[in-house]
Amino acid sequence: MEKSSNHFLHTSLMFLKGVGENRAKLLAEELSLFTFADLLYFFPFRYDDRTKFHTIASLTEDSPYVQVKGRVHSIMSAGDVAKKRLEAVLEDETGQIKLVWFQAIHFVRQRLKENIEYVVFGKPNIFGRNFSMPHPEFEIFLQNEVQNALMPVYHSTEKLKANNLDSKGLAKLIKNLLELVKEKISENIPVQTLHENQLYSRINALYGIHFPPNTDILYKSIKRLKFEELFFVQLKLLRLRSDRLTKHAGMQFNKLHLHNLFYNEHLPFPLTNAQKRVIKEIYKDVNNMKQMNRLLQGDVGSGKTVVAFMAMLMAIDNNAQACLMAPTEVLAEQHYKGLTAMAEKLGLNMALLTGSTKKSERSKTLQSLAKGELKLITGTHALIEDEVQFQNLGLCVIDEQHRFGVAQRAKLWQKQQRVYPHVLVMTATPIPRTLAMTLYGDLDVSVIDEMPAGRKPIKTVHRYTNNRQQIYAFIDDQLRKGHQAYIVYPLIEENENLNYKSLQEGIEILQKQLPHVSVSVLHGKMSSKEKEASMAAFTEGKTQVMIATTVVEVGVNVPNANIILIENADRFGLSQLHQLRGRVGRSDTQSYCILLTEYNLSSDSRQRIKAMTETTDGFKLSELDLKLRGPGALEGTQQSGLVELKLANLAKDHDILQAARLAVIKILETDNQLKSVDNAVILEYLNVERNDTSKKWGRVS
Ligand code: ADP
Ligand code: MG
């Protein structure tokens, strides 16, 4: 069934007391539980509080499952034949509550006796004016057998329940298992780390999470197990990083000629302090003989491009080449134009390579790249094709990281056989710090957390479709002042035809309302030539309005555009809305973002749109997005394996993540190969218990 191994925790559940072949099969099919380890790490999803008795008078409709104690009277059948039920009244010193059963009536009737004290457990409901408790569990109260604990509740299924493996049945198995393994299970986190972070031992935490005597022990157990989870994720990422730093020597860029010239004489604007700081961070990286692998995070419009360009100059100043890779042709084109303008001032050539570069031009470009005559190039994925060979690639900048997978990044590095080029990954997706630390844990992170001076915050409003007239009038007014506008339609993923249709309708409405306005169109059905022409017309100010599906989402930079109207805004995720909004607010004129929806909105959509109108801070928005949708919805997380975290919640467990990360850093600082006696437990766990066959940690080559 499972991969073979000698470790006792990999024993099939078949061999656990109370399981056997049939149930083992069911556990595997229904809950994907195969081995001892699987069951040990199958945690309760809820606990029923049996630690105290509630008085009946203190119950409210909002009470969770509670335990009460009292005497039963007035047992009676009620309802008609079809909907028969059994009722009884439970009374303590403070009040009464009705107990109701709809099923197993006969069974309950036989066991329930008047005037005996019972412990009753259930969820109070309000029905009419009376409190009742449907289907409570009950036991005769015996002074010395009080449960006095939190009862674990496990997920089960109909099939399992039919085989006596309901929550209680599962609890019993887990108890057997814990007893069986408690002497043998080994710690997997070094003692020192446990001490420093005041964490329970592994076995205590496992007992504590399954059978917590009280909430204090429960929380401490959960904390320890979350820590464990995050500790091993971080260990993996940070070891990747340290491998990279120790194994891959980097080119050293220590001469700064053109870089300084550009800084002193050709900068079109003074850099923000954040930009300066990041440039320093990059310089420190490329000047220390190690390969740089840095993530540059900066909200839309924070000015990442010029930073990238100045980093590219560092490469050129040291006789190396530099490339910038963008996720779409539109963006590559735009970068090409922007960078060329800067490069020209320094007398540097720049080339563009995309899927639609003409053959003759392509071969010319490839040749001069291979010879090293061409120092700077911008492009799309076309840059990572095998035929593209550099003479000496020193820096690769990747814009908008989330569109490129890790594998693609690796492919780029390999272009330079002797020494890996430095890599700078830029993203405008404001990943919450928690997530960045985990997701890009193998990268170093720089953040541009400051906008260029003079920017006015974008005014964002929510409007309904019946306001269309006023909105068009407002747009018209802005266009007459010489500004430009975007109108954006949501992308309906599976249906390109539908996109096209809604876009066409949009164009018709616009032409009817504002017949004098000139329009550019951009959508997925257009060829890249058409897209390019359309973009160019808008960028050069020949057209006043750009109507588009979400192709304009990333990176497009037309500072004169100051309005973005987003149709069906409720169809977009928060981070997408934020990206779109970032298309405006790129100069010192006041910009506007209008979120258009119908009246009827889900509460989630309403929350998203409200958040957009309340803040322009991308980091705040992405924190909220993470809370609303969970990390799985954020781009980039899918491949990371992080969505598989069982206990830890990246939106909430920032502190534990931070602690786990620091602990790993501390361990690796002194014992990079985990060879010390203290750290033996880690290797033992990874190599034997985790049995991660893809990678034996002790002997990473
Ligand atoms: P992003 O980080 O979204 O890629 P860009 O690099 O496209 O942002 O920059 C957005 C706009 O701001 C561009 O028009 C750019 O020229 C301008 N810009 C960048 N840095 C500064 C600065 N320090 N001062 C003023 N304008 C700047
Ligand atoms: Mg950009």
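Visitor: At what angle do the axes of helix α10 and α11 cross?
Guide: In this predicted model, the axes of α10 (residues 273–286) and α11 come within 10 Å of each other and cross at roughly 30 degrees (axes are lines fitted to C-alpha atoms over the stretch in contact, with angles from 0 to 180 degrees between N-to-C directions; helices are DSSP runs, H or I, of at least four residues). That angle makes α10 roughly parallel to α11, a label for angles under 35 degrees.

Visitor: Switching topic, how much space lies in the second largest pocket?
Guide: The second largest pocket holds about 1100 Å³ (a pocket is an open set of 1 Å grid points where a 1.4 Å probe fits, with protein on both sides within 12 Å along at least five of seven lines, and lining residues have an atom within 4 Å of a point). Its lining has 46 residues, and the closest to the centre are Phe 269, Thr 305, Asn 557, Pro 559 and Arg 586.

Visitor: And which helix gives the most to that lining?
Guide: That is α12, with eleven residues, while α11 (304–317), α12 (329–345) and α18 (528–539) each supply at least two.

Visitor: So where does the pocket lie?
Guide: It lies between domain 4 (258–448) and domain 5 (459–615), because both give residues to its lining.

Visitor: How should I read the numbering and the cut-offs?
Guide: Residues count from 1 along each chain as its sequence is written, and chains are lettered from A. Local features need pLDDT of at least 70, and side-chain values use heavy atoms.

How values were computed. Predicted model: local features only at pLDDT ≥ 70, side-chain atom pairs only at ≥ 80, totals over all residues. Points joined across faces, edges and corners; volume = space filled by probe spheres on them. Domains from an automatic or database assignment. Parallel < 35°, antiparallel > 145°, perpendicular 65-115°, else oblique.
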